[in-house]
Amino acid sequence: MTETLDLRDRIRDVPDFPTEGVIFKDLMPLIADPVYFAETIRRLADWARPREPALVFGAEARGFIFGSALAYALGAGFIAARKPGKLPRETVEATYALEYGTDTLHVHRDAVSVGTRVVVVDDVLATGGTARAKVQLVEELGGVVAGVLFVIELDFLHGREKLAGYDVHSLIRY
């Protein structure tokens with residue numbers, strides 16, 4: 001596939017979701033299209049590969065989809081951030097603000113070894129709360145954040161500001 005394939009063609013706007021006034025960027029049509037999904041993962045991997053991550057870190061749910069496919073493409077491992085009560089062993093947690101509320105992520109305490117290079121990935125960079133929480137979790141466990149990667153970035157929410165000092169990249173910016 002070429003860089004001329006416009007990934008935006010498979011992203012659907014859903015007004016007033018999850019709350020009134022929010023325009024949700026639905027990536028499920030992109031994920032459902034094998035050509036567009038493969039191209040998305042290729043572009044994510046092209047950016048991540050030179051950063052030499054041993055692990056890719058994604059949060060539920062769409063972060064699992066993009067993160068696990070990216071880890072596979074890179075030959076890296078995948079670690080998952082989950083909602084409270086979903087992981088069976090000792091965890092560390094980070095609570096963060098969303099554009100429409102707050103949430104908490106947990107990761108197993110032994111998920112990242114000291115010095116391990118990790119690329120944090122998610123579908124959308126909005127306010128930056130989720131990404132910042134994942135960066136904090138990686139660093140709390142002694143890992144090195146090799147980069148923070150998104151399919152979409154919503155510039156008007158200024159989430160990149162919460163990731164100042166990190167190598168951040170988005171495939172699509174609105």
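How many bridges pair S7 and S8, and in which sense, parallel or antiparallel? S7 and S8 pair over eight bridges, in the parallel sense. Strands here are DSSP runs of E with at least two residues, helices are DSSP runs of H or I with at least four, and both are numbered from the N terminus. Two strands count as paired if DSSP finds at least two bridges between them.

This is a predicted model, in which local features need pLDDT of at least 70 and side-chain atom pairs count only at pLDDT 80 or more, while totals for chains, interfaces and linings use all residues. Residues are numbered from 1 along each chain as its sequence is written, and side-chain values use heavy atoms, with hydrogens and water left out.

**The sheet**

Let us begin with the strands. Five of them form an open sheet with parallel pairing, in the order S4-S3-S7-S8-S9. Strand S4 (77-81) and strand S9 (168-173) each have a single partner strand, so one side of each is left without a neighbour in the sheet. From one strand to the next, the twist averages 20°; angles run from 0 to 180 degrees between N-to-C directions, and axes are lines fitted to C-alpha atoms, for helices over the stretch in contact. Within the sheet, Val 119 stands opposite Gly 147 in S8.

Phe 78 belongs to strand S4. Is Phe 78 buried or partly exposed? Phe 78 is partly exposed, because its relative accessible area is 29%; buried means under 20%, exposed over 50%, and partly exposed in between, with a 1.4 Å probe and protein chains only. Phe 78 and Leu 55 are 23 residues apart along the chain, yet their C-alpha atoms are separated by 5.5 Å. Leaving out residues up to four places away in sequence, Phe 78 touches several residues, including Leu 55, Phe 57, Phe 64 and Ala 71; contact means heavy atoms within 4.5 Å.

**Helices on the sheet**

H2 lies across S7, S8 and S9, and runs at about 150° to S8. H3 also packs on the sheet, where it touches strand S3 (55-59), S4, S7 and S8, and its direction makes about 170° with that of S3.

H2 and H3 also pack on each other, at an angle of about 65° and with their axes 9 Å apart.

| Helix | Residues in helix | First to last C-alpha | Expected span |
|---|---|---|---|
| H3 | 13 residues | 18 Å | 18 Å |
| H4 (129-140) | 12 residues | 16 Å | 16 Å |

The buried residues of H3 include Gly 63, Phe 66, Ala 69 and Leu 70. Their cover includes H1, H2, S3, S4, S7 and S8. Just after H3, Gly 75 takes a positive phi of about 70°. In H4, the buried residues include Ala 131, Lys 134, Val 135 and Leu 137. Just after H4, Gly 142 has a positive phi of about 95°.

**The nonpolar cores**

In soluble globular proteins, nonpolar side chains tend to be buried together. A nonpolar core is a set of buried Ala, Val, Leu, Ile, Met, Phe, Trp, Tyr and Cys residues joined through side-chain atoms within 4.5 Å. The largest one here has 29 residues, and Leu 30, Phe 66, Leu 70 and Leu 149 have the most contacts inside it. Helix H1 (28-32), helix H2 (34-48), helix H3 (62-74), strand S7 (117-125) and strand S8 (144-153) each give two or more residues to this core. H2 gives the largest share, seven residues. Apart from this core lies another, of 26 residues, with Val 92, Ala 111, Val 112 and Val 168 among them.

Leu 149, apart from its neighbours within four places in sequence, is in contact with residues including Leu 44, Trp 47, Leu 70 and Val 119.

His 108 sits in strand S6 (residues 101-108). His 108 is buried, with a relative accessible area of 13%. Beyond residues up to four places away in sequence, His 108 touches Leu 87, Pro 88, Arg 89, Glu 90, Thr 91 and Leu 141.

Lys 86 lies in the loop between S4 and strand S5 (91-98). Lys 86 is partly exposed, with a relative accessible area of 47%. Lys 86 and Leu 105 are 19 residues apart in sequence, and 9.9 Å separates them from C-alpha to C-alpha.

Methods
The expected span of a helix is 1.5 Å times one less than its number of residues.
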